Amino acid sequence: MHEKLPNATFAARQVELAVNNLDSLSTLDCVASQYLPRIIQSHFQPSVLTDIIESDPALAVQFLSLISRRGISIPDGRFSLANLLDKLTVNELRNTILSIKVTPTSDRNNGEGEYKNKKGLFIHSLAVACCAKDIAELAIPQMDSQLAYCAGLLHDIGKLAIEETMPKSFTLITEQAESSKQCSRAVEQEHLNIDHTVIGKRLAQKWQMPNLIVLAIWLHHNQTVTICKDMPEARIAAVVQLADSLARQSDIGLSGSYDIPKPAQPIADILNISSEQLQLIHHNLKAAVERKIKLLGLNLPKPQTEYSKAIQTVAAQFANRDAELSDENRLLQSASSHLDFIKDFILNVSPNNSAINIAENLATQWQKFYQTGKVCLYLAPSVSSQILEVVVVENLSQRETFYVNAPVDTSAIPKVLMNQFMILNAHEYIDWLFEQLNIDFDINRTKLVPLLSGSKTIGIIAFELNYPSDLKLFEEKFKISASIAGSIIGMALEQRKEQHFAEHFAELFSVTPEAVQTLPEETQSIPESKEISSVDSLDALAEMAAGAAHELNNPLAVISGRAQLLAEDEGDKEKKQILEQIKKNANEASEIIEDLMSFAEPPQPKPTPTRIPQMIEEAIQLAGRKTDIEKIDIQVEVDDDTETVLIDSAQIVSAIANIISNAVESYKTDIEPIKISAENEETADSVKLTITDSGCGMDAVTLKKAIQPFFSAKEAGRKRGMGLAYAARLIQINKGSLSITSHPDEGTTVNIYLPSK
Amino acid sequence: MKDLFTTGEAAEICRVSQQTIIRCFDAGRLEGFRVPGSRFRRIPRQSLVKFMKENKIPLDSIESGKRKVLIVDDDAEIVELLMDVLDKDGRFELKTASSGYEAGMATERFQPELILLDYMLPDVNGNIVCQTIKKNPQFENIKIIIISGVVKQEEIAQLLKSGAEDFIRKPFDINELINKITAVLQMK
């Protein structure tokens, strides 16, 4: 006996509407109590919920729908809910799962009827799912078993939808099917003009389920065997049908259909599964389903309580987290605003800003960002100054500069703040300032901080703090801001100091150009004769030369010796020549030193009476050898009565020879005779010897240097300008003297005085 | 002491066959010359020593007959230079000293035949060293050659009087030095 439902068409329309409006299926509270605790774990991965999601049709549908909407592609052949879930973000997952409708039940048995239906359907779906999976695994050709599982899970969503939207009708339909041993489809058609497979299909399509699942939902009551022959993709429907059969045979859950289930064998054949395999699946089914039931908590005694508890815990957790995030947010916000402050401040500073300008800017920004009350700022005064420049910012539009007197008894910068950062109560330290300013700064709220440039305080900023509780919070920021501002102001101050200094400096120099001394003019007249250098300097030279000689000769010996050794073993002619060159030059260097030494400390003269003509003759010959000229053109004029001179003949001969060769060399082009004359010099007990040439002569400067050792006016090839110096020296140690007169292009005359006694 | 060797003599000294010596000579690995107008090869002592050193042939058989020379100079590089020069020559057995004091000790121990003495030593004047050595009857026969960079004419005469055989300046010509040494030691 069954009641006929009011107006089938009306019902059908109602169903359509209801179906269209259905956003999602709802789950049971016991299930919720299982998944809720998991989502409040920190750092949870979406895949920890996989096992629950894949056991609950409502959840599974919801998530598959989400996955499709997100555009996450489902790979062919390897359907894996876990992988797909991991592609969602944690937040998406959490939000979705929390938004799933939960069917409330009471712990009492009142709503048991409805509850029972849904639970039964869930269990039935689970059974079909497990079964479908096993079947798919055994089927040949192989099918995606996970996909089959899902298809099985969702095959009766149509029924779930009916149950959800029209629970009473559902109960009626089920009861009728049970009593008349019909398939629920028939009853549904009768009453609703539509059956759960079509509803299911519509919903599955609406919720963007994978195609194969849609097919399975739609066709699982049809002639799948026949369909399979035409449409191989419909095999999944066959699997689900077979699974449905088996589940009903095992009497697991509420399937809603009470007709005899279709024979399993034909379907099994299509899938190439043997009956033994079927038996095995059948055998294992109950156990598998039991496991899933346990997982979902479907048999929990007091689902409502459990669910309430779970919800409370979750809510509390989230509330906590929210509070934490909120705090964090606040901190970050204040930090970023701090950066904004610094940014703004620095942008307003240009290289030419004076320190006080920057300070003004700072005061304004400070008030703005730290939302303080009135702000006043002053810089450390220079030592001598009695006046302080103070910037006061009362509000954003009012900014003034005042001049106050620096305090007499204390320093303008509180001592304790000279080198360190502290937040102090302003009135304890700068009352003198407030008095002069005549502006009311709230005693209780005004703080002051130093502006540090490096580690030195260069200014003070005082401000009314509006939120005293925030002092700790802001301390770090005050410090940073104050330091940055302090450094910039400090630099501006330095710049100013330097400018002042430069100006002062420039002033000093703009005074009296006449004050600069001029060098004395070069004297044009040169004395005609030159004195020979004094004995003292020569002695010093002698000592130095000796020292130098010793020092230099050792390295020269090494150079020379090594070059010789190398030359002995060297086959290459060119290289051998080079090595010999090295040796030669080392020797030459040594000789230069020797010359210097001789010059400095010539051998002791051994004076013997010497006759002039003889001496001159020898000198000429020696000169000839020196200059490589066989016959020098010399005219000699010796007075007959010239006396003998008491000198070391060798030395003087050498000296005269040197002078003669100089004379020879002074002739650039035409050689004219050199004149040598000698006569007595009565007054000085000496003989005067004169050597004259008409060569190129010497200019004043050259003359001055003529008798300096190593000086040579010859153009190229220095040839050791020792000659004249040597001559002078020799003459000197023989107690004689020498003087030179010369005019450019006219010639040179050398007078030598030699002692005759 | 022999200055020139025939291939046979060289072979004996090196303990190799004469053919080997000839081959080395012809290949240029052993320097020498041919007696002009004949096919005979002659090997100067220096080349033989060099050859033996190059081929790591022990030098004992040629060692005997070396003259003992003590080199005294405080400049390490000069000492090294002199050692290299005399060592290359091959006729000398060498020891060194770098101060008057060391020179004294070395003379005692080493009993050199010749001392190459630098005039300017850190602790004592070369002059004094000369005199001291000569005064000692033990060392009567030791010959001394003074080498120096700083000596004046007169001082040279003075040195020769205090017992030095000869004098050579720094920088020196190697051949000149060897000649003086061989002359003083009456080597051929």
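In this predicted model, 17 residues of chain A are in contact with 15 residues of chain B, contact meaning that C-beta atoms placed from the backbone lie within 7 Å. On the chain A side, α23 (535–569) and α24 (573–600) each supply at least two of the touching residues; α23(A) gives the largest share, 13 residues. Helices here are DSSP runs of H or I with at least four residues, strands are runs of E with at least two, and both are numbered from the N terminus.

A word on conventions: residues count from 1 along each chain as its sequence is written, and chains are lettered from A, ligands numbered from 1, in the order written. Local features need pLDDT of at least 70 and side-chain atom pairs 80 or more, while totals for chains, interfaces and linings use all residues.

Next, α2 of chain A, residues 29–39. Eight of its eleven residues are buried, that is, with 20 or more other C-beta atoms within 10 Å of their own; 12 or fewer is exposed, and in between is partly exposed. The buried residues of α2(A) pack against elements including α17 (275–296) and α18 (303–347) of chain A.

Now the backbone. Most residues other than glycine have a negative phi, and most peptide bonds are trans. A:Lys735, between α28 (723–733) and β14 (737–743), has a positive phi of about 65°. A:Asp745, in the loop between β14 and β15 (747–755) of chain A, has phi near 70°. Which peptide bond is cis? The one from B:Lys170 to B:Pro171, with omega near -10°.

Key:
Contact = placed C-beta atoms within 7 Å.
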